[in-house]
Amino acid sequence: MMKPRRKDGRDMARLLHDFGHELPRVPAPVPTPKDPRLFHYASRGGAKRRGRGWAPAKAPVTAWRMTSDQAPVLWPFVATPGLPPTGAQMGIDQLSGGSFFADPLGWVLDDEVPVTNPNIMQFGKPGRGKSGNTKAFCLRMMDFGYRTLILGDPKDEYEKLCQALGVEPFAIGPGMPARINPLAFGPLGQGWEKLSAEEAQRRAPIIFGRWLTLVRGLVGSQRIGEDRVPFGPDEGNVVENALRVLTGYSAGASRLRETTIPELWYLLHNPTEELIAECRYSSERHFLDETRLLRNALGQLVSGALAGMFDAHTTIDVDWKAPIQSLSLRRLEPLGDDAMGIALTCIGSWGRGMREMADPGDLRVVVRDEIWKQFRLGPEAVKAYDADLRLSRTDGDIQWANAHKPSDPMSAGDQGSQAVAIAKDLMHLADIKILMGQDNAIGDELEQLLGLGPIARSLITGWGMQGKGRGLWVVGEQMYKVQTVLHPLERELTFTNEAIESAA
């Protein structure tokens, strides 16, 4: 057996020690305890013990490989693609935790946002914050050069907002001095005598088309028993030719004359030979017989509940440079929903005429409340509103409509009727929809009319009902769970329960 070799010499520590020097000692490492195990792994069949869920057979699970874009619902921590931070800062996006900005026209110009028009339809149960959401959007968009036009305020909900901005709403109602002529020319009729023949021929169809749409809606709102007054091509031809005679356009006048609904009604009662010939009737008696229903329907508008409000020349002087303008209709409430719907139709036509030649950069949010009252007037009234939505992309206005539930447009007629078909198309003319809190009974409507899934439905009927200002913003096909946040001053300006509070 070999002896271990003796170790000769001194190491460095011993050498320094002999000369009176000591090397610093390295502290011994302190052992760290292991972290407790978070997961306990078992065999694929489970732990083979009592109460541990052991199974003799393997679960028939198939494996799939995909990206989060292909199956976003399986990735709960991946939020909807964010929108650019431009426009009005409305509140908090609950899915991403960031701020939510609303910029409808900016979305139209952005190819990455699936929006082709800036129209907005907002649905929600009363008391869920529709009014506050609307006013907050209008107020915050003023910082970006937008002005607001309230085309009919049935409940004076925007009065405090107007007064805070130094504007007094125009009150329309029985005995009030304000008059609105829905047959006003608007900017297209200004300087007619200086227009070239080509420009005059371009503008004329726009003006007469707007008037024809209005008269069609007003006549179609009247009833004969259970049926609506018909307004077909013959009636349209008579009305258009009569308007051309009244304005002087058919005679080639260099300066057109503004007319009114009573003047149109009087001409149809006392037709000229020129009008009879132009409408291709054999005699005056033939003309009167064929236009009796049309004349009677217009007569109801001239001498009915709305007499003196929309049958004279416009008496209000609107300051289009003001930050907001509003037309109050609260005084029409005792006249019933039909009268309110007719008033909304007249004001809508007048407002569209005033905006047909907006100056470049004159951006405006056009708000329409209680649109269901206009839809109940029948398919012709729905067509009048449809025309406004279709022009939003060309005139640059943001059309904002408020309703209670998605089925409100369906009140335009019976199931399967033309009116309901047109009303359904309106849903596609608004690429932006705001769905505030709703009762469970509205859940089926949300899925059938808007194609929402069960998750979106539960958000609206559950989370949306647990607080004001909660809504699902549907921007194209993207959905955002948004809580609108109001400043204390905004909350005061948007409070609409004064009557309830005073009664309590």
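**View 1. Helices H6 and H7 are roughly perpendicular to each other (the class for angles of 65 to 115 degrees).** In this predicted model, the axes of helix H6 (residues 233–247) and helix H7 (residues 261–269) come within 10 Å and cross at roughly 110 degrees, axes being lines fitted to C-alpha atoms over the stretch in contact, with angles running from 0 to 180 degrees between N-to-C directions. Val-238, Val-239, Ala-242, Leu-243, Val-245 and Leu-246 of H6 meet Glu-263, Leu-264, Leu-267 and Leu-268 of H7, where contact means heavy atoms within 4.5 Å. Helices are DSSP runs of H or I with at least four residues, and strands are runs of E with at least two.

**View 2. Glu-370 in the loop between strand E9 (363–368) and helix H12 (371–375).** Glu-370 is buried, with a relative accessible area of 10%, buried meaning under 20% with a 1.4 Å probe and protein chains only. The side chains of Glu-370 and Trp-372 are joined by a polar contact of 2.6 Å, that is, a pair of N or O atoms within 3.5 Å, one able to donate a hydrogen and the other to accept it.

**View 3. Strands E4 and E9 in an open sheet of 11 strands with mixed pairing.** Strand E4 (residues 146–153) and E9 run parallel and are joined by five bridges, with Val-366 of E9 as the bridge partner of Leu-149; two strands pair if DSSP finds at least two bridges between them.

Residues are numbered from 1 along each chain as its sequence is written, and side-chain values use heavy atoms, leaving out hydrogens and water. Local features need pLDDT of at least 70 and side-chain atom pairs count only at pLDDT 80 or more, whereas totals for chains, interfaces and linings use all residues.

Key. Parallel < 35°, antiparallel > 145°, perpendicular 65-115°, else oblique. Buried < 20%, exposed > 50% of the residue type's maximum accessible area, 1.4 Å probe, protein only.
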